[in-house]
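Open the model in your viewer and keep the selection tool at hand. We will go from stop to stop.

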Amino acid sequence: PSIFSMCKQWYQRRVRGAHGIMGCFDDFGTCAIAFCVPCVTFGQNAEASGVVGSCFLGSILFFCPLVNLICWLKIRSAIREKHGIEGGCFGDFMSIMCCGICALVQEAQQCKVSPAGDMPRS
């Protein structure tokens, strides 16, 4: 492989994960569910990341102001940590505030990738 393709692969794995913030339509089904019922995708991400014990509880937390933001930041952080993606709290906050649905879809897609199998998702 060329040096360009190797750099691109590294960037995708380390900096933005397998899916970019604007990669909503990489998985149209996940995108549609997140758009129509974001609480379900939020709950699934919370459970898959290990932040919350159940999808149902995560879905309920989606409707609690401020608690949902704190939980969401923890979810993104846990996903980044488990997948070795660089980033920080400020970037996570900006992703959530600027395009929350895109952030939900990105998290869901990243949970499905699961290279080490420690975040199983169907």
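In which helix does Ile 60 lie? Select residues 55–61: this is helix H4, and Ile 60 lies in it. Helices here are DSSP runs of H or I with at least four residues, and strands are runs of E with at least two, numbered from the N terminus.

Before moving on, note that this is a predicted model: local features need pLDDT of at least 70, side-chain atom pairs count only at pLDDT 80 or more, and totals for chains, interfaces and linings use all residues. Residues are numbered from 1 along each chain as its sequence is written, and side-chain values use heavy atoms, with hydrogens and water left out.

**The whole chain.** Zoom out. The protein has 7 helices and 0 strands. Of its 122 residues, 41% are buried. Buried means under 20% relative accessible area, exposed means over 50%, and partly exposed lies in between (1.4 Å probe, protein chains only).

**Back to Ile 60.** Ile 60 counts as partly exposed because its relative accessibility is 39%.

**Phe 62.** Now select Phe 62, in the loop between H4 and helix H5 (67–83). Is Phe 62 buried or exposed? Phe 62 counts as buried, because its relative accessibility is 19%. Show its contacts (heavy atoms within 4.5 Å). Not counting residues up to four places away in sequence, Phe 62 touches Pro 38, Cys 39, Phe 42 and Asn 68. Then pick Val 40, 22 residues from Phe 62 along the chain. Their C-alpha atoms are separated by 8.8 Å.

**The largest core.** Next, select Phe 42, Val 52, Leu 61, Cys 71, Trp 72, Ile 75 and Ile 96. These have the most contacts inside the largest nonpolar core, which has 17 residues. A nonpolar core is a set of buried Ala, Val, Leu, Ile, Met, Phe, Trp, Tyr and Cys residues joined through side-chain atoms within 4.5 Å. Helix H3 (38–49), H5 and helix H7 (100–113) each give two or more residues to this core. H5 gives the most, with 6 residues. In soluble globular proteins, nonpolar side chains tend to be buried together.

**Trp 72.** Centre on Trp 72. Leaving aside neighbours within four places in sequence, Trp 72 is in contact with Phe 42, Ile 96, Gly 100, Ala 103, Leu 104 and Glu 107.
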